[in-house]
Amino acid sequence: MRLNKAIAATGHCSRRKADELILAGRVTVAGQPEVNPARHVLPFEGIAVDGRVLSAPQAFTYLMLNKPVHVVCTVSDPEGRPTVLGCLTAEYKALRLYPVGRLDYFSEGLLLLTNDGQLAQRLTHPRHHQPKTYEVLVRGTVPDEALKIMRRGMRLAEGDELLPVDVTAQPVSGNTLLQMVLRQGLNRQIRRMCRDLGLTILRLCRVAQGTLRLGDLASGKARPLTEGEIARLRESAGLPAGLQT
């Protein structure tokens, strides 16, 4: 296995970051400095970054979490707020999983967690952005003109130009449930869109990402992805279906 890939396989960082560490002279193999990211290494050779020996390459873990509201998408929080790792069992907490992308503090729904650094990097890169589907409950009725603006693309108050959004509207007990499919991932995009259109969000939930569906997974619970889900997810990011050594 190439050295940069071996480092990424431990969950320490992405392959691109591993390249940077190696070229900066911060990596040793069997106690000797190594600056060639393409060097072939064996599983039993000791790889260290800044003097700390990394664990042997591990099998990757892929989880789907139904993130609750009032939880942050980080592994720690300086303000002491609950994090997504708090939703996991001790078994999964020990695997150094990281969230792929984010949902804000007041949003809920489908969130991926993995220790596959290369996949995480691909999925958060605009080139491999996957369509994401959200159910958004807004107060009252939504004017037809607001739906037309979202469907043809709009400019946010900050100047960001948005791609057209697939959106449908359904009345629900005096309010409106929007189903929105986004094909770009700007920070707090839906909340900023609704703000500029004068819509008040009551609930925002991500229900799908690419071919993955949240389904009936309970809030605050996580489940491992199936082999088929993993294969389709990796292939959508331009990666082989399984870990290649």
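Strand β8 is mostly covered, with 5 of its 7 residues buried; buried here means under 20% relative accessible area, exposed over 50%, and partly exposed in between, using a 1.4 Å probe and protein chains only. Strands are DSSP runs of E with at least two residues, while helices are runs of H or I with at least four residues, and both are numbered from the N terminus. The model is a predicted one, so to speak of local features takes pLDDT of at least 70 and side-chain atom pairs count only at pLDDT 80 or more, whereas totals for chains, interfaces and linings use all residues. Residues are numbered from 1 along each chain as its sequence is written, and side-chain values rest on heavy atoms, with hydrogens and water left out.

Back to β8 and its neighbours. Strands count as paired if DSSP finds at least two bridges between them. On one count, β8 is joined by 7 bridges to β10 (residues 175-182), and the two run antiparallel. Another 7 bridges join β8 to β11, again running antiparallel. Tyr134 shows up in both pairings: its bridge partner in β10 is Met180, and in β11 Tyr134 stands opposite Arg206.

Arg206 turns up again at the largest pocket, where Arg206, Arg102, Gly185, Leu186 and Asn187 are the lining residues nearest the centre, out of 31 in the lining. For the record, a pocket is an open set of points on a 1 Å grid over the protein atoms alone, with protein on both sides within 12 Å along at least five of seven lines, and lining residues have an atom within 4 Å of a point. The volume of the largest pocket comes to about 720 Å³, a volume being the space filled by probe spheres set on the points, with grid points joined across faces, edges and corners. β8 (132-138), α6 (189-196) and β11 (201-209) each put at least two residues into this lining. By class, the lining splits into 12 nonpolar, 11 polar and 8 charged residues; Ala, Val, Leu, Ile, Met, Phe, Trp, Tyr, Cys and Pro count as nonpolar, Asp, Glu, Lys and Arg as charged, and the others, Gly among them, as polar.

As for domains, the chain is divided into domain 1 (3-53), domain 2 (62-127 + 212-237) and domain 3 (131-209), with bounds from an automatic or database domain assignment. The largest pocket lies between domain 2 and domain 3, because both give residues to its lining. Taken over C-alpha atoms, the centres of domain 1 and domain 3 are 44 Å apart.

The second largest pocket has a volume of about 240 Å³. Its lining has 15 residues, with Cys13, Ser14, Tyr98, Gly117 and Ala120 nearest the centre. β6 (98-100) and α4 (117-123) are the elements that give two or more residues to this lining.

The structure holds 0 disulfides, a disulfide being a pair of cysteine sulfur atoms within 2.5 Å. For Cys194, the closest cysteine sulfur is in Cys205 at 15 Å, too far for a bond.

Elsewhere, an open sheet of 4 strands has the order β2-β1-β3-β4 with antiparallel pairing. Its edge strands are β2 (32-33) and β4 (52-53), each pairing on one side only. β1 (residues 27-29) and β3 (residues 47-49) pair over 3 bridges, and Thr28 has Ala48 in β3 as its bridge partner.

Terms used
1 Å grid on protein atoms, 1.4 Å probe; cavity = no way out; pocket = protein on both sides within 12 Å on 5 of 7 lines; lining within 4 Å.
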